[in-house]
Amino acid sequence: MRKIALDVGDKTIGVAVSDPLNITAQGITTFERVGIRKDAGKVIDYIREYECDTVVIGLNKRLDGTDSPQTEKVYEFKKMLENKMRSTGLGNVKIDFYDER
């Protein structure tokens, strides 16, 4: 199954999806954020469309390893996405972070 990667920013979310063999990934879109619930719903649409079993979210920590204000927003987005995935029958999809340092 494929993996989907997210780059969560304040104004946009970048989305990339792996090929079926998980060898490479290609960016498929960047969409404007409208609200955390709707944004999570849009990501779920992509998870279903590409039949993904894992979500990888870029985590932008400071160089010393501490959390930045943006890191906290990414944690909040992950929590919303997890809740929404559970309520839509996608609770088996794994969510991982990727340290962007």
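This is a predicted model: local features need pLDDT of at least 70, side-chain atom pairs count only at pLDDT 80 or more; totals for chains, interfaces and linings use all residues.
Biologist: Let's start with the helices. At what angle do α1 and α2 pack?

Modeller: The angle is about 60°. Their axes are 9 Å apart.

Biologist: Which hand does the crossing have, left or right?

Modeller: Right-handed, as α1 passes α2.

Biologist: Which residues make the contact?

Modeller: From α1, they are I36, R37, D39, A40, G41, V43, I44 and I47. From α2, they are E76, F77, M80, L81, K84 and M85.

Biologist: How many of those are nonpolar, polar or charged?

Modeller: Nine are nonpolar, one is polar and four are charged.

Biologist: Staying on α1, what about Y46? Buried or exposed?

Modeller: Y46 is in helix α1. Y46 is buried, with a relative accessible area of 16%. The cut-off for buried is under 20%, so Y46 qualifies.

Biologist: What does Y46 touch, leaving out residues up to four places away in sequence?

Modeller: Y46 touches I4, I28, T29 and F31.

Biologist: And how far is Y46 from V15?

Modeller: They are 8.7 Å apart, C-alpha to C-alpha. In sequence, Y46 and V15 are 31 residues apart.

Biologist: What about E49, buried or exposed?

Modeller: E49 also lies in helix α1. E49 is exposed, at 54% relative accessibility. Exposed means over 50%, so E49 counts. The C-alpha atoms of E49 and A5 are separated by 14 Å, and the two are 44 residues apart along the chain.

Biologist: New topic. How many aromatic pairs are there?

Modeller: The count comes to two. One of them is Y75 with F97, an edge-to-face pair. The rings are 5.4 Å centre to centre, with 80° between the planes.

Biologist: Where do Y75 and F97 sit?

Modeller: Y75 is in helix α2, residues 69–87. F97 is in strand β5, residues 94–99. They are 22 residues apart, and the pair links distant parts of the chain.

Biologist: How accessible are Y75 and F97?

Modeller: Y75 is partly exposed, with a relative accessible area of 27%. F97 is partly exposed too, at 30%.

Biologist: Buried, exposed or in between?

Modeller: In between: K94 counts as partly exposed, at 48% relative accessibility.

Biologist: Last topic, phi angles. What is the phi of N22?

Modeller: N22 has a positive phi of about 60°, although it is not a glycine.

Biologist: Why point that out?

Modeller: Because most residues other than glycine have a negative phi.

Biologist: Where is N22?

Modeller: In the loop between β2 (12–18) and β3 (25–32). N22 is partly exposed, with a relative accessible area of 34%.

Biologist: And what is the phi of E51?

Modeller: Positive, about 50°, and E51 is not a glycine. E51 is in the loop between α1 (36–49) and β4 (52–59). E51 is exposed, with a relative accessible area of 55%.

Note on methods. Residues are numbered from 1 along each chain as its sequence is written. Side-chain values use heavy atoms; hydrogens and water are left out. Helices (H or I, at least four residues) and strands (E, at least two) are DSSP runs, numbered from the N terminus. Buried means under 20% relative accessible area, exposed over 50%, partly exposed in between (1.4 Å probe, protein chains only). Rings of Phe, Tyr and Trp (its six-membered ring) pair if their centres lie within 6.5 Å; planes under 30 degrees apart count as stacked, over 60 as edge-to-face and the rest as tilted. Axes are lines fitted to C-alpha atoms, for helices over the stretch in contact, and angles run from 0 to 180 degrees between N-to-C directions. A crossing is left-handed if the near helix is turned anticlockwise from the far one by less than a right angle, and right-handed if clockwise. Contact means heavy atoms within 4.5 Å. Ala, Val, Leu, Ile, Met, Phe, Trp, Tyr, Cys and Pro count as nonpolar, Asp, Glu, Lys and Arg as charged, and the others, Gly among them, as polar.
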